[in-house]
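Visitor: I would like to learn how to read the features of a model like this one. Where do we begin?

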Amino acid sequence: MSAPETLPPPACPDSGPQEQARMLQTLCDHFPGGVTVMDHELRLRLWNRRFLEMMELPPELFAQSISLPQLWHFNIARGEFGPVQDPDALVAGFVERALRFEAHAFTRVRPNGRVIEIRGEPIAEGGFVTTWVDVTEHHRLETELHRHDALVTQIVNHLPQGISLFDEQLVLQLWNQAFIEVLEFPPEAVFRGARFEDLLGLMARRGDYGPGDPTEQVAQRLALARQFQAHRFERTRPNGRTHLVEGRPIQLDGRLAGFVTTYTDITTQKTTEQALRRANDQLAAGMAERSAALDTAQSHLSQAIDQLAQSEKLAALGQLVAGVAHELNTPIGNSVMAASTFLDRVAQFEAEARSGLRRSVLDEFLNFSREAARLVQDNLARAAELIDAFKQVAVDQTSMRRREFLLDETVRKVCATMAHTLRRGQHRFEIAIPQGITLNSHPGALEQILTNLISNSLVHGFEGRAQGCIRIEAHGEREEVGLSYQDDGVGLSPEAVRRIFEPFFTTKLGQGGTGLGLHISHTLATTVLGGQITAHSQPGQGARFELRLPRVAPLQGEGASPANE
C-alpha cells in the first residue's frame, strides 16, 4: 500500500538516496501498526499513514518538519492528556525523558477510549524508532479475563464444600478456604506447589487413616491417586466428622491434566440417616402388635394381592405389591408411633388425675390428643390413597376393562408403584405429560406395557450402574396419542432391536429372563389398544419405545393384528 496523496513526503530527503527513502517509506506504510522515526534532535523524520489514523492527526500538521515537543503541545491542546495545568512543564518533563534515548514501552488510553501500546527503541545515530499498536481489543480481553478469574476465585471460595485441584504431577494448583477448614490443615501446609504426597503424610501421621504405618498408608493412597480414576467414598475423621470425598480426572486438549476433588461434610446427614433408620426399625418391630390401622391396611392389601393371583396374565403386578407395601411403611409407621405415644400420654394423664387435675394439665392433654388424632388421620388417609391407587391398577390390569381415563394419572400411578425399585439403584423418573389428555381405552393394558418397560430398563438397561433416568412424555392429537418411553441405559445392538418383540427373545438367556415381557407388550399395544409400538436404540445411548395409540380403542377384534403372532 503506497502513501496517500495527502501524506507529505518524508522529511530530509537529502539524508540518503531517493530510492532508499522511498523504499523505507513504503516499508513503513505496509507496517500493520503506526511507525515514527525521530532524530537526535527529537524531530520527526519518518512516519506512516497508520500512525496518523490511529492518533487522529491531521496530515497538514506534517506538511513541514515537526518536532516531538511541537506534537506534544498539539496533543495537549486538543485534550489528549486530559486537563493540564502547565503544558510547558509537562512537555519539559517529556523532553527530559526522551533525550535519555532509552528503550521504553507503555500504554495510553486515548480520549476516544482506544488503548495504544507505544514502544520505542533508540538508534545508533541518535533518536529512536517508535511503534504504535492499537491494543484496545487485547486490553479488553485481558480485563475480561482478569474479571473472570476474580469471579471464579470468588465462586470457589464461597463453595460450602472444600475443593482441590492437583495437576498431573500431583502438585496442588487450586484450592479454597473450605478445603483447609474441612481437612483441618495448618495454613502453612497448603500453598501452590504443595505435593499431594506431603499432605497425605500429614494426615497419616495425625491418624486420619486409622492405626497403621503412616509410610505404608501414604504409599497405598499415592498409588491409587496416580491411577487418576474417578472415586467417591465416605471417610470419618478422628474428630467424628464424616466427609464425602468425590474426585474426577480432568483433561485439557485430550491429555490428562490432573484431578479435581471435593470434600463435603455430611456429618449431619449421616447422623439423621442413622436416627431415622433406628426409628424405622423400632416402628417396624412393633407395628403388627400395636396398630389396628395396620391390620386394616394389610387386609386391603391382601385382597388386592388375591385379585392379582387370579390372573396369570398379570404376573408383573407382583412388583407393584412390593412397591405399595414399601410406600405404606411410612404413613402406617407414623400412625403406630402416634398411637403408641398417645397411649403413654393417657397413662400419664390418668396418674395425674388421681392426684388432682389442674386445668392446665387438662388443656395440654386435649391439645396433645387433638394433634395425635390429626396425625393418625392424615397418615391413614395417605395409606388409604396408596391402597386405592394400587387397587385401581390391579383391577385395570386384571380385568382389562375398558373405561375413560386420564393419561397422566395412569402413568403416574404406575410410576408410583415402581418408585421404590428405582430408588434402590438411585434411578429416577421424569414425566412430561400434559394434563387433560383422555383416552377411552383399556388402562390395564397400558399399565402392563409400562410395567414391562420399566422392569426391562432396571434389569437390562441399568445393569451395573446407578443414577439412571427414565423419561416418559406424551403429546395428544385429534385422533391419537403419542407416548414416548426413554431410558439412558446401555442400549441395544441393531440385532437386538430387530428381534426385541419376538417371543422368548432375551439378552439374559439362562439368567432368569423369559423373553416374553416385550412380546406381551407388543401384543397388548397392537390388539387390545389398537395402536403401534416401535423400538429404537444404539449401544451406549439408551433405549426408546414409541407408542401410537388411538384415543378411542377399537372394539375387541377390530384392532391391528399382532406382528409376531
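Guide: We begin with a definition. Two strands pair if DSSP finds at least two bridges between them. Keep in mind that this is a predicted model.

Visitor: Which residue in β2 is the bridge partner of methionine 38?

Guide: Leucine 44 is the bridge partner of methionine 38. The strands involved are β1 (residues 34-38) and β2, joined by 3 bridges. They run antiparallel.

Visitor: How many residues lie between the strands in the hairpin of β1 and β2?

Guide: The hairpin has 5 residues between its strands. Look at leucine 42 there: its phi is positive, near 60°.

Visitor: How do I go from a pair of strands to a sheet?

Guide: Strands of a sheet pair through backbone hydrogen bonds, either parallel or antiparallel. Here, 5 strands line up as β2-β1-β5-β4-β3 in an open sheet, with antiparallel pairing. From one strand to the next, the twist averages 20°.

Visitor: How many bridges join β3 to β4?

Guide: There are 6 bridges between β3 and strand β4 (residues 115-122), and the two run antiparallel. To find your place, take phenylalanine 106: isoleucine 118 in β4 stands opposite.

Visitor: In what order do the strands of the open sheet with β7 and β8 come?

Guide: The order is β7-β6-β10-β9-β8. This open sheet has 5 strands and antiparallel pairing. Its edge strands are β7 (172-175) and β8, and each pairs on one side only. Neighbouring strands are turned by 20° against each other on average, direction ignored.

Visitor: Which residue in β9 is the bridge partner of arginine 235?

Guide: Histidine 243 is the partner of arginine 235. Between β8 and strand β9 (residues 242-252) there are 6 bridges, and the run is antiparallel.

Visitor: Which residues make up the covered face of strand β13?

Guide: Leu439 and Ser441 form the covered face of strand β13 (residues 438-441). Thr438 and Asn440 form the uncovered one. Strand β11 (residues 403-406) pairs with β13 over 4 bridges, in the antiparallel sense. Serine 441 in β13 has arginine 403 opposite.

Visitor: Now salt bridges. What is the general idea?

Guide: Side chains of opposite charge can pair when their charged atoms come close. A search of the whole structure turns up 28 salt bridges.

Visitor: Which parts does the pair of glutamate 234 and lysine 270 tie together?

Guide: Start with the contact: glutamate 234 forms a salt bridge with lysine 270, and the closest N and O atoms are 3.2 Å apart. Glutamate 234 lies in strand β8 (residues 231-236) and lysine 270 in helix α9 (residues 267-290), so the pair ties together parts 36 residues apart in sequence. Glutamate 234 is partly exposed, at 44% relative accessibility.

Visitor: Which residues are linked in a network of salt bridges?

Guide: One such network links Glu56, Arg78, Glu80 and Arg110.

Visitor: Is isoleucine 155 buried or exposed?

Guide: The cut-off for exposed is over 50% relative accessible area. Isoleucine 155 has 55%, so the residue counts as exposed. Isoleucine 155 is found in helix α5 (residues 136-158). With Leu151 and Leu159, Ile155 makes a nonpolar surface patch of about 250 Å².

Visitor: How many disulfides does the structure hold?

Guide: A disulfide is a covalent bond between the sulfur atoms of two cysteines. This structure holds 0 disulfides. Buried means under 20% relative accessible area. Cysteine 415 has 5%, so this cysteine is buried. Cysteine 469, at 10%, counts as buried too.

Visitor: How far apart are alanine 92 and proline 69 in space?

Guide: They are 8.2 Å apart, C-alpha to C-alpha, and 23 residues apart in sequence. Alanine 92 sits in helix α4 (residues 87-98). Alanine 92 is partly exposed, with a relative accessible area of 45%.

Note on methods: Residues numbered from 1 in each chain as written. Predicted model: local features only at pLDDT ≥ 70, side-chain atom pairs only at ≥ 80, totals over all residues. Heavy atoms only, no water. Disulfide = S-S within 2.5 Å. Buried < 20%, exposed > 50% of the residue type's maximum accessible area, 1.4 Å probe, protein only. Patch = residues over 30% accessible without salt bridge, like charges linked within 9 Å, V, L, I, M, F, W, Y side chains within 5 Å. Areas by Shrake-Rupley, 256 points an atom, 1.4 Å probe, with all protein chains shown as cover. Salt bridge = Lys/Arg side-chain N within 4 Å of Asp/Glu carboxyl O. Axes fitted to C-alpha atoms, helices over the stretch in contact; angles between N-to-C directions.
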